[in-house]
Amino acid sequence: MAGCGKSEDTKKDTLTVAFRNEPANMDPTGSSSLTAFCIQFQNFDRLVINNGDGTFSPSLAKEWEQIDPLTYRFYLQEGVKFHDGSEMTAEDVVYTIARAEKSSFSSSFFGYFNGEACQAVDDYTVDIVTYEPFAPFLTYLSSSRGSIVPKAYIEEVGDEAFGRNPVGTGAYKFDSWTSGDNITMVKNEDYWNKDKNVACNKIINRFVTDTSARAIEIESGSVDVSLHVAGNDAARLETTDGVTTQIGPSYSTTYLRFDIVNNDIFADVNIRKALRAAIDMKTIVETVWGNGGEFAQSYYSPVLLGWKDVCSNDYDEEAAKQYLAEAVANGFDTSKTYTIYCNGDSLETNAIQAFMSQWKKVLGLNFEMNIMDNATLTSKLNEGTGEIPFVVSSTNAAAGDPDHGLFVYKGTSCTTHNDPALFNLISEAAAEFDVEKRITLYGQVQDMLHDGCYTIPIVNTNAIYGLNAAVQGLKTDPGYVPDFTSVYFE
């Protein structure tokens, strides 16, 4: 089969992709959904492209330079048009950065950026300014959060309308949104980057929430790509005619998270360390996730800069009992039943059942599981009321930098700890441009996180895709945000 839309012998010019959920909107600063991030890569462009090896390539910015420790100057491509026909200029870039800094969804990325200080030097030159030296500067600009948006269009229609009918400069234009089913993009025939081979004429982004159903969709040929395939489904897909799989490491870490800022139930570090030491995490991960993930040995993914093993020796039942005795001496009540919250993910609930069994066996502690829908759980966590003191959560450092992997331990709304020294060390690491010094600092951060036991790492999940065997050109992305714009059919 020839490339999409390039052969008169085939009508296969549409790529259909199955995602695990439906985003609330398509605004780059309006959602935390990985589905949204992926589709935004079809609809928008960014100033630079992250090559994944510490280097960056031009995109909407043809070149750039650092003016001073806080300022980068970008020289933009000329004649780039948004999908509504308006020209992209430096004013749109300034507007994008200022808007991203203020959004609660993107402030973990762009809180370092000083939107008010950014300025358009002329129509095609823009200065972007940070509040302090910030090493992941280009990494964050290359993420979906850095997608350049049209100032005039958003000011005309408003944020909500923009989120449901997005306009970008990307290789594909928004076509339709069928709630509960799909978002469809069509090829942008006037795409500015003529060097890019945009193969397919249409991408249908389908929402298939059930994990098993996504595997069945790829087996039946109803979709061409299925993302977030479970490890046990991957093994079956590998033996299915006409189907292939791609498996690679990801930036994602799943962990048990304590709120010790707004709730004092687990405020004593001894009870947190007792719960950690009682878990045979390696065995549980191998049993539950199989080849879908690896036992987490630190607080962010081993794919990221500066990772070090600090958790391999945590399982120690005798130490767990000693920690519990210290916690009891400090007032912890072993007669109560405690709650662990989660969003109902089947793999996570299986792991929780194993955790609760070991806590009962080793420590004599009783736990119950409370399953909430993801939107409700996220809302309650963000409110910071302390209603969720113990939860299964995950971090996907999609930007590809350890600073993003550590976002749950920093910021004014942090609930995992209130240690000024840890806040300062994370900020110091983000401000360090020397790679070796930065690695040393992140090693110290991980040691402090282990000593404080603010979270208990569980698993570094793998990125697993199921593919129609004819699909070519798709790279496994550690951030679960693959680029579909260059995918074609063989």
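S301 touches S250, Y251, S252, T253, W307 and N460, leaving out residues up to four places away in sequence. The model is predicted. S301 sits in the loop between β14 (293–295) and α11 (317–329). Its relative accessible area is 1%, so S301 is buried, since the cut-off for buried is under 20%.

Now the cores. In soluble globular proteins, nonpolar side chains tend to be buried together. Here the largest nonpolar core has 130 residues. Within this core, L47, F74, I128, L141, L275 and W359 touch the most other members. Helix α12 (residues 346–363) supplies the largest share of the core, 7 residues. A second core is separate and has 9 residues, among them A18, A234, L237 and I464.

What surrounds L141, leaving aside its neighbours within four places in sequence? L141 is in contact with R46, L47, V48, F74, I97, F110, F113, I128 and G146. Of these contacts, F74, F110 and F113 also belong to one aromatic cluster. That cluster is formed by W64, Y72, F74, F110, Y112, F113, F134, F137 and Y140.

R46 lies over the face of F41, at 3.9 Å from the ring centre.

Next, ring against ring. A pair of aromatic rings is described by the distance of the centres and the angle of the planes. The structure holds 24 aromatic pairs. One of them joins F19 and F484: the centres are 6.4 Å apart and the planes stand at 80 degrees. This pair is edge-to-face, because the angle is over 60 degrees.

Which parts of the chain does the F19 and F484 pair tie together? F19 lies in strand β1 (residues 14–19), and F484 in the loop between β19 (471–472) and β20 (488–489), so the pair links parts that are 465 residues apart in sequence. F19 has 1% relative accessibility and therefore counts as buried. F484, at 2% relative accessibility, counts as buried too.

Y338 and F367 form another aromatic pair, this one tilted: 5.9 Å centre to centre, with 40 degrees between the planes. Y338 belongs to strand β15 (residues 337–342) and F367 to strand β16 (residues 366–371), so this pair ties together parts that are 29 residues apart in sequence. Y338 and F367 are both buried.

Key: Residues are numbered from 1 along each chain as its sequence is written. This is a predicted model: local features need pLDDT of at least 70, side-chain atom pairs count only at pLDDT 80 or more; totals for chains, interfaces and linings use all residues. Side-chain values use heavy atoms; hydrogens and water are left out. Rings of Phe, Tyr and Trp (its six-membered ring) pair if their centres lie within 6.5 Å; planes under 30 degrees apart count as stacked, over 60 as edge-to-face and the rest as tilted. Helices (H or I, at least four residues) and strands (E, at least two) are DSSP runs, numbered from the N terminus. Buried means under 20% relative accessible area, exposed over 50%, partly exposed in between (1.4 Å probe, protein chains only). A charge sits over a ring if NZ of Lys or CZ of Arg is within 6 Å of the ring centre and within 35 degrees of the ring normal. Contact means heavy atoms within 4.5 Å. A nonpolar core is a set of buried Ala, Val, Leu, Ile, Met, Phe, Trp, Tyr and Cys residues joined through side-chain atoms within 4.5 Å.
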